[in-house]
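Open the model in your viewer and keep the sequence panel beside it. The tour goes from one selection to the next.

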Amino acid sequence: MSSIKKMVIDPITRVAGHLGLTADVNTNTRQVTNYQAYTYVTMFRGFEVFLRGRQPPDAVHITSRSCGVCGAAHANASVRANDMALGAVPYPLGQVLRNLAYAMTDMIYDHSIILNVLEGPDFSAQVMQQYYSSCWQTAQQTKAEYSDIHGFSTIADIMTALNPFSGWLWIHAVKAQILAREAGVLIYGRHSHPPMLIPGGIGTDLSVGESLFTQYMYRLTTLTAWTKVVIAAWMDLANFLINNCDYEYQGLTYSKPTYISSYGFESPELYSNLGDTYEDIYSNYDSLAQKASEGPQTVFRATIVRNGELLSKSFIDLNVGQLEFVNSSYYHNWAKITSPFTETDPIGNKLAWGLTASDGIPLYMYHPWNKTTIPNPQGPNFMDKYSWDAEPRLVWKDGTMWAYETGPWPRLHAVAHYHPNSPIVKNGKISITLPTISEIPAWLPSGSAAEWTVEWEPPDYSTTLSRILGRAVDMAAAIFTAWDNLEYGLQLFMKNQTSPKTSRSWKQPSFSVGVGQYEVPRGTSRHWIVNKDYSIANYQYQAPTTANVSPRDNNCNGPWCINGQAIGPFEMSVINTKIMEEVPPDQWVGYDFLRAIRSFDPCLVCAAHFEIKGKVNRSIEHIITPVCNS
């Protein structure tokens, strides 16, 4: 006889911000029943409200304060929106410095911590021994394939290295992230809120440029060896769990790939030549997918994949089809009470393809350039509104609409399958050669010094382990980018040490719009700005987690809808996860659910100003605006 167990995990720990999960689980099948799994964000994002009326460049540094971890992620997306809106792009050396700093302060730093300190403990010896004893026993007897690189003899040794506070990987991830932050701060001046990022360039002091590059390279050499260790260890652990613990499809989001990816680590030469008006910059953006004639090429490229079908490789299409709804979110719908800022993109394309909703409202009203954030706090109701996270959706020219995923797995899957000219792709696989390091510190295993070519073919499904492996391999992409840009940037600097050019002056147009979509550790960060008379008339932005944790709603049109609904990646990953804990149901912790969610590297904290708890409605009389130097 079946029994339904309601599992509530609130708060979910080891994530940035406040996230809860509730799921009805059949104790016989050990899986969610009737799609009854909900994730909900209990924090309000208010930055979009108090950005209005400020000067556009302020957004770079204010949105950075969304989070103390991924501040540079928002700053980089925002500065690209500003580049477009204010008609200024960096000189090649300026773009090199942006790439160098970001490779360190977010990709290498963040991935190291997420993999080994926040996600890793779910697979640690402490957890495996108590809840997955048969898997642990097999791990003790299984030799590690890449032991010559990472130095661990068995899979159980890797699990032990992930024990919180005492495991080798846990401890040394803390050490490695310090080096990554130091390297980025050489350029940014500070992290996680980089003050040097400005529209049209970067304000880094290059009066000691040669020393800056040298100090950066010193840290990069150590982190190159460290990255080999991390990737090798996680490849061994993931392969073991797939082959021995029935974990290949745990945490599946969608049966066929459904995701977006955008640009990341752009070509310094091509980005520098996008133009000097917002129309030209927008129009030329997809030229970044072309092969650069000189210097580093763009690594990540714009891609839309729906239900296994490639729809577009255009940044412009990705922008035109972006919508955001609030049917299941704690906000008022603005579409009937506000006027649009623009019905088209800068080159005349109708936003949302000119389509109209069933109630007669033009869908362009739900494009972020026209969205207005109006908080509507209330108690949660899973049949109505239950999250502070809004509902990003994509709409295509044929009227279909769907939820989508974003993250390291999508962007690596995108370039491997659809962008053969990406510099990290070879024969349909991710292929990245990490160079020999002649001298490594004593705390790293000797095998990490040798050259190693990381090869990975991203599978056609997003699961707990494919997302984790994608994050590990993404570190190799950041290391590749750092070396590539370091060499090129040093050449540019040495040609003109006395007055190196990094930045162009931005303009103050009477009206303009901008969009910045940038690949960051958790996925695609997306910022939209409307500028009127050098003042922000509207600003909207989405962290990668905004799409991934999106609550379900009825804005879905196509065969991928479930009971007529669009269901976001977090909830789908829980629905498609089986509880594998080898203890009675009354002792279940929900580690498999937590593994699935943490594999996204959730960040809910963006603009947390108050919380709503309980079922009593509360009114907001005043929102305190934090100052920028907090």
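Select helix α6 (residues 133-141) and helix α10 (residues 209-244). Their axes come within 11 Å and cross at roughly 125°. Axes here are lines fitted to C-alpha atoms, for helices over the stretch in contact, and angles run from 0 to 180 degrees between N-to-C directions. The pair is therefore oblique; angles under 35 degrees count as roughly parallel, over 145 as roughly antiparallel, 65 to 115 as roughly perpendicular and the rest as oblique. Helices (H or I, at least four residues) and strands (E, at least two) are DSSP runs, numbered from the N terminus.

Now show side chains. C135, T138 and A139 in α6 meet F240, L241 and N244 in α10. Contact means heavy atoms within 4.5 Å. The contact residues divide into four nonpolar, two polar and no charged. Ala, Val, Leu, Ile, Met, Phe, Trp, Tyr, Cys and Pro count as nonpolar, Asp, Glu, Lys and Arg as charged, and the others, Gly among them, as polar.

A note on the source: this is a predicted model, where local features need pLDDT of at least 70, side-chain atom pairs count only at pLDDT 80 or more, and totals for chains, interfaces and linings use all residues. Residues are numbered from 1 along each chain as its sequence is written, and side-chain values use heavy atoms, with hydrogens and water left out.

Next, pick M401 in strand β11 (residues 401-402). M401 is buried, at 8% relative accessible area. Buried means under 20%, exposed over 50%, partly exposed in between (1.4 Å probe, protein chains only). Leaving aside neighbours within four places in sequence, its contacts include L323, F325, R393 and W560.

Now the backbone. Most residues other than glycine have a negative phi, and most peptide bonds are trans. Select F165, in the loop between α8 (155-161) and α9. Its phi is positive, about 70°. F165 is exposed, at 67%. Move to F265, in the loop between β6 (259-261) and α11 (268-272). Its phi is also positive, near 55°. F265 is buried, at 3%.

Where are cis peptide bonds found? One runs from D10 to P11, with omega near 5°. P11 sits in the loop between β1 (4-9) and β2 (19-26). Another runs from H191 to S192, with omega near 20°.

Finally, zoom out. The chain has 18 helices and 17 strands. Buried residues make up 63% of its 630 residues.
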